[in-house]
Amino acid sequence: MHEQSRLKPRHPHSHMWLMGLVGLAAGLALMVYAPTLKGVSTSLLLFAGFHVVGGLVLLTTLWVTALRGPVRRWTHAAERQAKGYDFGWGPGWMNGLGVAALAALAAAVAVEVSAPALWPLAFLLVAAGVVFVVGNLVMRGFRRLDHVVLPMVDLLRSDRDVVLDAGCGSGRTTIALSRVLKDGHVIAVDRFDAGYIDEGGRRLLERNLALAGLTDKVSIETADLTALPFAAADFDAAVSTHVYDHLGRDKQAGLAEMFRVLKPGARFLMGVRTPGWSMFAVGSVLSFLLTSKVAWRRMAAGAGFAVIDEGAFNGTWFVLLEKPDAT
Ligand SMILES: C[S@@+](CC[C@H](N)C(=O)[O-])C[C@H]1O[C@@H](n2cnc3c(N)ncnc32)[C@H](O)[C@@H]1O
């Protein structure tokens with residue numbers, strides 16, 4: 001069991017370069033061309049509005065294309081020395097919505113000053129700015145947690161369970177889970193190629209586990225959740241937070257694969273983001289694209305699971321699923 005898988009390297013964020021070029025053009029147009037359209041010298045606010053938006057677009061472009069890596073290394077190097085766990089959320093993810101808020105508010109100023117008749121647009125931009133500010137606070141709350149507390153009631157069969165942590169990232173769930181399991185073992189699985197976790201997370205996972213004194217309790221595997229390198233009915237239980245909602249069109253396939261590797265009677269605690277107010281603040285209209293609870297229940301049932309329990313906890317919807325006992 002647990003043989004090593006071979007994954008093709010993936011570059012999930014290679015489209016950033018295209019965004020970078022578009023951003024560069026948009027930023028320059030806003031900074032140089034747009035202010036010349038109006039009597040800039042007569043309106044300091046208009047000038048400032050366009051330049052703040054243009055400057056932010058340029059900065060964001062620079063960030064996603066060139067600055068992200070060096071800044072992350074610099075800020076995290078300092079953090080790692082000083083603090084304990086590091087889960088690798090870069091400053092871009094912690095502050096990105098704050099920058100978007102500033103851009104929306106600056107755009108509102110530019111619109112209001114250049115074309116007062118378009119005040120409804122300026123009003124919408126201010127509203128968007130406020131939503132972005134709230135979203136930034138929500139996002140910081142999600143990311144800042146050093147560990148996640150998992151609602152693990154009724155999940156495990158015994159203290160000796162072998163439990164799969166599906167999409168462990170840099171180890172928040174792995175640590176929470178391993179602490180509860182007295183004599184059990186955790187298999188922490190991830191592709192370790194997420195662009196939003198420093199270096200994909202594997203090195204940070206190893207470091208965090210060492211800090212927590214849990215290295216012996218956890219085995220780490222690099223694998224894809226839609227093609228797990230484990231035999232059928234291998235695990236006594238499984239957990240996963242904020243992962244299956246990242247699987248795009250493969251959600252159903254991921255759930256079917258999870259069903260395959262669990263023992264009959266085993267349970268799977270899955271936490272995902274679903275549409276709601278906090279996610280609206282983070283993703284605005286995009287939050288409506290998140291999979292609904294109804295669809296998750298349908299997909300889980302389609303994979304063969306029974307829903308045992310569900311509820312919201314720490315801004316996440318958790319559902320406890322069970323692979324029915326064959327007997
Ligand atoms: C938002 S992070 C969550 C990490 C961790 N569970 C937590 O709550 O802190 C999502 C993780 O899922 C992983 N992931 C996404 N799709 C995956 C796939 N198809 N196979 C394996 N891991 C995947 C990513 O690499 C990333 O580490």
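**Figure 1. L209 in helix 6 of the predicted model.** L209 is buried, because 24 other C-beta atoms lie within 10 Å and the cut-off for burial is 20 or more. The model shown here, as in every view below, is predicted. L209 belongs to helix 6, which covers residues 202-212. Leaving out residues up to four places away in sequence, L209 touches G171, T174, L214, T215 and V218. The C-alpha atoms of L209 and S170 are separated by 9.1 Å, and these two residues are 39 residues apart along the chain.

Figure 2. F192 is not a glycine, yet it has a positive phi of about 55°. F192 sits in the loop between strand 2 and helix 6. F192 counts as buried because it has 21 C-beta neighbours inside 10 Å. A233, also a residue other than glycine, has a positive phi near 55°. Its place is the loop between strand 3 (218-222) and strand 4. Is A233 buried or partly exposed? A233 has 14 C-beta neighbours inside 10 Å, so it counts as partly exposed.

**Figure 3. Strand 5 and its partner strands.** Strand 5 spans residues 262-272, and eight of its eleven residues are buried. Strand 4 (residues 235-241) runs parallel to strand 5, and six bridges join the two.

**Figure 4. Helix 7 and what covers it.** Which residues of helix 7 are buried? They are K251, G254, L255, M258, F259 and V261. The cover over the buried residues of helix 7 includes strand 1, strand 4, strand 5 and helix 9.

**Figure 5. The nonpolar cores.** The largest nonpolar core has 46 residues. V163, L164, V189, F235, A238, M258 and L262 have the most contacts inside this core. At least two residues of the core come from each of several elements, including strand 1 (162-166), strand 2 (185-190), helix 6 and helix 9 (293-303). Strand 5 supplies the largest share, six residues. A second, separate core has 20 residues, among them A104, L105, V111 and F132.

**Figure 6. The contacts of V163.** V163 touches L177, L181, G184, V186, F235, D236, A237, A238 and V239, when residues up to four places away in sequence are not counted. V163 is also one of the residues with the most contacts inside the largest nonpolar core.

**Figure 7. The shell around the ligand.** There are 20 residues around the ligand, and those that come nearest are G167, G169, R172, A194 and L225. By class, this shell has seven nonpolar, eight polar and five charged residues.

**Figure 8. The protein chain around these views.** The protein chain has nine helices and seven strands. Of its 327 residues, 36% are buried. Among contacts between residues at least 6 apart in sequence, 71% join residues at least 24 apart.

Definitions and conventions
Residues numbered from 1 in each chain as written. Predicted model: local features only at pLDDT ≥ 70, side-chain atom pairs only at ≥ 80, totals over all residues. Near = placed C-beta within 6 Å. Nonpolar A, V, L, I, M, F, W, Y, C, P; charged D, E, K, R; others polar. Buried ≥ 20, exposed ≤ 12 C-beta atoms within 10 Å, placed from the backbone. Helix = DSSP H or I, 4+ residues; strand = E, 2+ residues; numbered from the N terminus. Pairing = 2+ DSSP bridges. Core = buried A, V, L, I, M, F, W, Y, C linked by C-beta atoms within 7 Å. Contact = placed C-beta atoms within 7 Å.
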